[in-house]
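Q: Hi, could you walk me through this model? I'd like to start with a strand and then move on.

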Amino acid sequence: MLDLKSSFDSYTRVAKGLFGMSSLWTGKDHLVYVRGSGILLPFSEEYRRYRYEDIQAFSVVKTSRLGKGILYGIALLFVGGLLALMLAVGGGGSIGIVFAVLASVLSLAGLGLLALLLRHLILGPTCLCDIQTGLSKARIRPLDRYHRAKEAIDRIGARVRESQRDLPVDDAEGGTAESKNAASTAISEPFGVPGVVRPTFGVFLVAGLACLASLHLESPVLVAGTMAVVFAASMLLLLSLVASVRRATPESIRTILWSLLGMLFLLVGIATVYFLVAATRNSAYTMGIVGPLEALAALAVEGGVVLYLVFLGLGAGLFIGALVGLIESTRWSRQIGQAEVGLGLAGAGSEKAGIREKSDE
């Protein structure tokens, strides 16, 4: 399989499908659509090249995402119902190792379904996107979400308009006329960093430190505080992901946000499995609210070296990811602000030049 980015530095990826099966790349004077075929991994790939000057239109049609959302919801309710039934039948401290294993499997399955449902909701409306030239019309599979398709088409459209600026177009009488500068009339969504992103990274810094502290200080109160901070961070993270998907946001910031969500699910999933196993050894951990807090507070002692290192890595990962995200979002905000100031000064200069020309006339 050919990686256009590593093979040719002039290509920039603007969209990627699930598991990297298909992708869309912009080159200097043409667009490349890589269409893969296979299961989970692309076993074969087909390359289609479209010169910017040959592209006539992109068509985007919204489709319903209700069916897939209902499917995820029903599966989640089914798994949650089975887990609740098992916990009710288990009878607190009498649960055995087999029960703990089955409950752990159901818990991980439920978290996986919840992650898929959240991803489906965060990415927004689904759509179908086609590219049309004078000779063909093809479906662009990576552009299956409306907001992502709109952002990609805005980026590609600027290159298309630039390439077609000087092409002759048909006038109203059937003749030809030189085209006007179409690129100057196109208005794209401004590039920026959503306001909720930096507070999210800030709360995740605190959450990472709290996870590391609760791992080394055996305190149920500290564990309860850590859980509260992690919950607040997760809510802000969902808002940040929704905001970054629905507006033009730097890809590096989106990647960090998705990485934090993945680490958060790993943290919750592994903690759940640990608690279910620990409850089979000590029935006191199932008593009220304090029991689970005491079980999590004793993780470093009862979980073993491997589990300690896993949680240490996840806590450090949350802190480092949030720190890198905070630095990236600050850097991008500064660069975007400077660019906007530069554009404003250039516009003011052009306006003054126009007024001076009129006065000279």
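This is a predicted model: local features need pLDDT of at least 70, side-chain atom pairs count only at pLDDT 80 or more; totals for chains, interfaces and linings use all residues.

**Strand 2 and beyond**

A: Happy to! Strand 2 (residues 22-26) is mostly covered, with five of its five residues buried. Buried means under 20% relative accessible area, exposed over 50%, and partly exposed in between (1.4 Å probe, protein chains only). Strands (E, at least two residues) and helices (H or I, at least four) are DSSP runs numbered from the N terminus.

Q: How many bridges join strand 1 to strand 2?
A: Four, and strand 1 (residues 12-16) runs antiparallel to strand 2. Two strands pair if DSSP finds at least two bridges between them. A15 stands opposite L24 in strand 2.

Q: New topic: which residues touch the most other members in the largest nonpolar core?
A: They are F201, F204, L237, L257, L260, F311 and L318, out of 39 residues in that core. Helix 7 (251-281) is among the elements that give two or more residues to this core, and helix 7 gives the most, with 12 residues. A nonpolar core here is a set of buried Ala, Val, Leu, Ile, Met, Phe, Trp, Tyr and Cys residues joined through side-chain atoms within 4.5 Å.

Q: And what does L237 touch?
A: Leaving out residues up to four places away in sequence, L237 touches T200, F204, L257, L260, L261 and L264. Contact means heavy atoms within 4.5 Å.

Q: What about P199, where is that?
A: P199 is in helix 5, and P199 counts as partly exposed because its relative accessibility is 43%. The C-alpha atoms of P199 and L236 are separated by 8.0 Å, though the two are 37 residues apart along the chain.

Q: Last one: what does the charged end of K62 sit over?
A: The ring of Y146, 4.4 Å from its centre. That label needs NZ of Lys or CZ of Arg within 6 Å of the ring centre and within 35 degrees of the ring normal.

Terms used: Residues are numbered from 1 along each chain as its sequence is written. Side-chain values use heavy atoms; hydrogens and water are left out.
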